[in-house]
Amino acid sequence: MKLGEIAGISIRCSPLVILLTLLCAVSGRISELITAALALSLHEICHTSMALSLGCRVSTIELMPFGFVAELTAEPNTLWDEIAIAAAGPLFSIIAGISCTALADRFPGAEYIRSFAAINTGIAAINLLPALPLDGGRLLRAALSAVLPPKLASRIAIFGAITLGAICIVLGALMIARGEFNITVPIFGLFLLMGAISEFKKLQELGLHRVLKRCAALRSGSSVAVRCIAINKHTTAREALRLFDSSRYTVLLVVDDDMSAMFELDEMALLYGASAHNTDLTLEGLASHGFTGIHGVRKNSG
């Protein structure tokens, strides 16, 4: 649900937040909700400020029960940038929790300051769990991406979210069965599962973004590593797209059944052809429509 815009950033709200707000109102815990909202807002401001300082534009911020999720218009330029953006929020929450605990007795309203400290500590602990879309999941993905393909790193972090989410839902059900009514645990599980589904959908866009980024680098005069693959003409565009390596520019050498080279097809030409026609079309079929060559240039056959 869209709430509005602030400085060009779309602000959205998850239905789970509305449910949690109603539960807090019924149970008389509005003051805790306000304190948590303040802590989460400061946590997210740190994420957003770090992203903007590193040249990343934030398009959307979605209010979630256990944190806000910021959507960037483009991926961070380096793994260190991704780590810095992901770590900014938890780092603030940890510092705020420690500082407020240490200084609570020196200022009026010590009880509120201790509550703010406890909430910040909880936010840091929850967000550092190794599960996307939590900050810990983003840190895990960045660390794994240094040694694994980015998509595999993302899948591992998504699997962490699915596992933790399922555990929380099962625990919540067991608690209710035992007469211990605590809706927070299953809501957290739903939050993780919904986040995992959203992150899985983004994986489909990840490859395309990296392809466009490499093409822009080539057009600007930079060099990128190239991966050349020999592939049969009967292979479908869908199957060929799965062969893309996110870290290298892919060029396909299409061969016939006698293993004789027919034509070359780079990843941009393949993307153009697949989007213009159908991903179930064979590479030979794409060539018949004129989609062959390098740098996504359409060549008219005949």
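Which residues in α5 meet which residues in α6? Gly137, Leu140, Arg141, Leu144 and Ser145 lie on the α5 side, and Pro150, Ala153, Ser154, Ile156 and Ala157 lie on the α6 side. The model is predicted.

1. **Overall content.** The chain has 302 residues, and 40% of them count as buried. Its secondary structure comes to 10 helices and seven strands. Take the contacts between residues at least 6 apart in sequence: 60% of these join residues at least 24 apart.

2. **α5 against α6.** The two axes come within 8 Å. They cross at roughly 145°. The crossing of α5 past α6 is right-handed. By residue type, the contact of α5 with α6 divides into six nonpolar, three polar and one charged. Arg141 and Ser145 are among the α5 residues in this contact.

3. **α3 against α5.** Helix α3 covers residues 79-103 and helix α5 covers residues 135-145. Their axes are 9 Å apart, at an angle of about 160°. The pair is therefore roughly antiparallel, given that the cut-off for that label is over 145 degrees. The crossing is left-handed.

4. **α2 against α3.** Helix α2 spans residues 30-53. The axes of α2 and α3 come within 8 Å and cross at roughly 150°. That angle makes α2 roughly antiparallel to α3. The handedness of this crossing is right-handed. Leu42, His43, Cys46, His47, Met50 and Ala51 are the α2 residues in the contact. On α3 the partners are Ala84, Ile85, Ala86, Ala88, Gly89, Pro90, Phe92 and Ser93. The breakdown is 10 nonpolar, four polar and no charged.

5. **Serine 154.** Which helix holds this residue? Serine 154 sits in α6, residues 150-177. Its relative accessibility is 3%, so serine 154 counts as buried. Beyond neighbours within four places in sequence, serine 154 is in contact with Leu132, Arg141 and Leu203. Of these, Arg141 belongs to the α5 side of the contact with α6. Leu132 comes up again in the next point.

6. **The cis peptide bond.** Leucine 132 and proline 133 are joined by a cis peptide bond. Omega is about 10° there. Proline 133 lies in the loop between α4 (110-127) and α5. The C-alpha atoms of leucine 192 and proline 133 are separated by 7.5 Å, although the two residues are 59 residues apart along the chain.

7. **Leucine 192.** Buried or exposed? Leucine 192 is buried, because its relative accessible area is 0% and the cut-off for buried is under 20%. The residue is found in helix α7, residues 184-219. Setting aside residues up to four places away in sequence, leucine 192 touches Ala131, Leu132, Leu134, Ala161, Leu164 and Gly165. One of these, Leu132, is on the cis bond. Leu132 is also in contact with serine 154.

8. **Methionine 259.** This residue is not a glycine, yet its phi is positive, at about 65°. Methionine 259 lies in the loop between β6 (249-255) and β7 (261-266). Its relative accessible area is 61%, so methionine 259 counts as exposed.

9. **Cysteines.** How many disulfides does the structure hold? The number is zero. Cysteine 100 has a relative accessible area of 17% and is therefore buried. Cysteine 168 is at 13% relative accessibility and also counts as buried.

Terms used:
Residues are numbered from 1 along each chain as its sequence is written. This is a predicted model: local features need pLDDT of at least 70, side-chain atom pairs count only at pLDDT 80 or more; totals for chains, interfaces and linings use all residues. Side-chain values use heavy atoms; hydrogens and water are left out. Axes are lines fitted to C-alpha atoms, for helices over the stretch in contact, and angles run from 0 to 180 degrees between N-to-C directions. Helices (H or I, at least four residues) and strands (E, at least two) are DSSP runs, numbered from the N terminus. Angles under 35 degrees count as roughly parallel, over 145 as roughly antiparallel, 65 to 115 as roughly perpendicular and the rest as oblique. A crossing is left-handed if the near helix is turned anticlockwise from the far one by less than a right angle, and right-handed if clockwise. Buried means under 20% relative accessible area, exposed over 50%, partly exposed in between (1.4 Å probe, protein chains only). Contact means heavy atoms within 4.5 Å. Ala, Val, Leu, Ile, Met, Phe, Trp, Tyr, Cys and Pro count as nonpolar, Asp, Glu, Lys and Arg as charged, and the others, Gly among them, as polar. A disulfide is a pair of cysteine sulfur atoms within 2.5 Å.
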